[in-house]
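Visitor: Before we start, please show me the chain. I would like to learn how to read its features one by one.

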Amino acid sequence: MKNLFEAGKLLLLDMAATLFFLVLYLLTHNVTLSVVLGMALGLAQIGWQFARRKPIDIMQWMSLFLVLGAGTVTLITNDPRFVMIKPSVIYVIVGIVMLKRGWMNRYLPPVAIELVPDIAIIVGYAWSGLMFFSAALNVIVALNVDVATWSAAMSIYGIVSKAVMFLISYAAMRTIAVARRRRAAARADDVAVIPG
């Protein structure tokens, strides 16, 4: 569970410049100010990593590239939709990574890996599907509503969809793991009862 929270924290940091842009835009309704300060935050995050001599992973570089690219296009066009579409790019990339068979194993306790490795693979693909669906939904919403509506809709959807997927995933794996453990214990009891 700790690894899952760590991954969530890293994703939140990768999205910080976009979230910062969103909050500033909702407060000021100034596209230029919001985009410039969002881009500055993205650069500052990388600068902070350099200053601390910490490695900068691919996702951080990609996030910076997306912030600077989407921000530049937004400044040129004065259209915040380019920044609003950035989460879709990240969702697609995360969805592609989640297509790797067994990616969830590093987030599972040993008992789950022992009892439900096949279910973990299915759940991993379901998470990937959620990411692709979220990417498509974000594009549709971003292209059809204003920033405030997009912000509210996608924030609520993002939190609720991931919470529901987490609960369904956990419940499915736990229920199947408990059933398999009981069947294994029953078989062991049957073998012990059969006279040799």
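The dialogue below goes through the fold, the rings, the charged pairs, the core and the surface.

Guide: Keep one thing in mind: this is a predicted model.

Visitor: Let us begin with the fold. How many helices and strands does the chain have?

Guide: It has eight helices and zero strands. Along the sequence the pattern reads α-α-α-α-α-α-α-α.

Visitor: What share of the contacts with a separation of 6 or more joins residues 24 or more positions apart?

Guide: Such residues account for 70% of those contacts.

Visitor: Now the aromatic rings. What describes a pair?

Guide: The distance of the centres and the angle of the planes describe a pair of aromatic rings. Here the count comes to two aromatic pairs. In one of them, Phe133 and Tyr157 have ring centres 6.3 Å apart. Their planes stand at 55°.

Visitor: Why is that pair called tilted?

Guide: Planes under 30 degrees apart count as stacked and over 60 as edge-to-face, with the rest tilted. The planes of Phe133 and Tyr157 are at 55°, so the pair is tilted.

Visitor: Where do Phe133 and Tyr157 lie?

Guide: Phe133 is in helix α7, residues 117-144, and Tyr157 is in helix α8, residues 147-193. They are 24 residues apart, and the pair links distant parts of the chain. Tyr157 is buried, at 18% relative accessible area.

Visitor: And Phe166 with Tyr170: what kind of pair do they form?

Guide: A stacked one, with 6.4 Å centre to centre and 15° between the planes. Both residues lie in helix α8, four residues apart, about one turn of the helix. Phe166 counts as partly exposed at 28% relative accessibility. Tyr170 is also partly exposed, at 45%.

Visitor: Next, charges. What is the general idea?

Guide: Side chains of opposite charge can pair when their charged atoms come close. This structure holds two salt bridges. Asp79 and Arg81 form one of them, at 2.6 Å from N to O. Asp79 is buried, with a relative accessible area of 15%, whereas Arg81 is partly exposed at 34%.

Visitor: Which residue forms a salt bridge with Asp118?

Guide: Arg180 does, and the closest N and O atoms are 2.7 Å apart. Asp118 lies in helix α7 and Arg180 in helix α8, so the pair ties together parts that are 62 residues apart in sequence. Asp118 is partly exposed at 35%, and Arg180 is partly exposed at 24%.

Visitor: Let us go inside. Which residues of the largest nonpolar core touch the most other members?

Guide: Val116, Trp127, Met131, Trp150 and Met173, out of 40 residues in that core. The elements giving two or more residues include α2, α3 and α4. Helix α7 supplies the largest share, nine residues.

Visitor: Take Val116. What does it contact beyond its neighbours within four places in sequence?

Guide: Val116 is in contact with Met173, Ile176, Ala177 and Arg180. Arg180 is also the salt-bridge partner of Asp118.

Visitor: How much of the chain is buried?

Guide: Of its 196 residues, 36% count as buried.

Technical notes:
Residues numbered from 1 in each chain as written. Predicted model: local features only at pLDDT ≥ 70, side-chain atom pairs only at ≥ 80, totals over all residues. Heavy atoms only, no water. Phe/Tyr/Trp six-rings, centres within 6.5 Å; stacked < 30°, edge-to-face > 60°. Buried < 20%, exposed > 50% of the residue type's maximum accessible area, 1.4 Å probe, protein only. Core = buried A, V, L, I, M, F, W, Y, C linked by side-chain atoms within 4.5 Å. Contact = heavy atoms within 4.5 Å. Salt bridge = Lys/Arg side-chain N within 4 Å of Asp/Glu carboxyl O.
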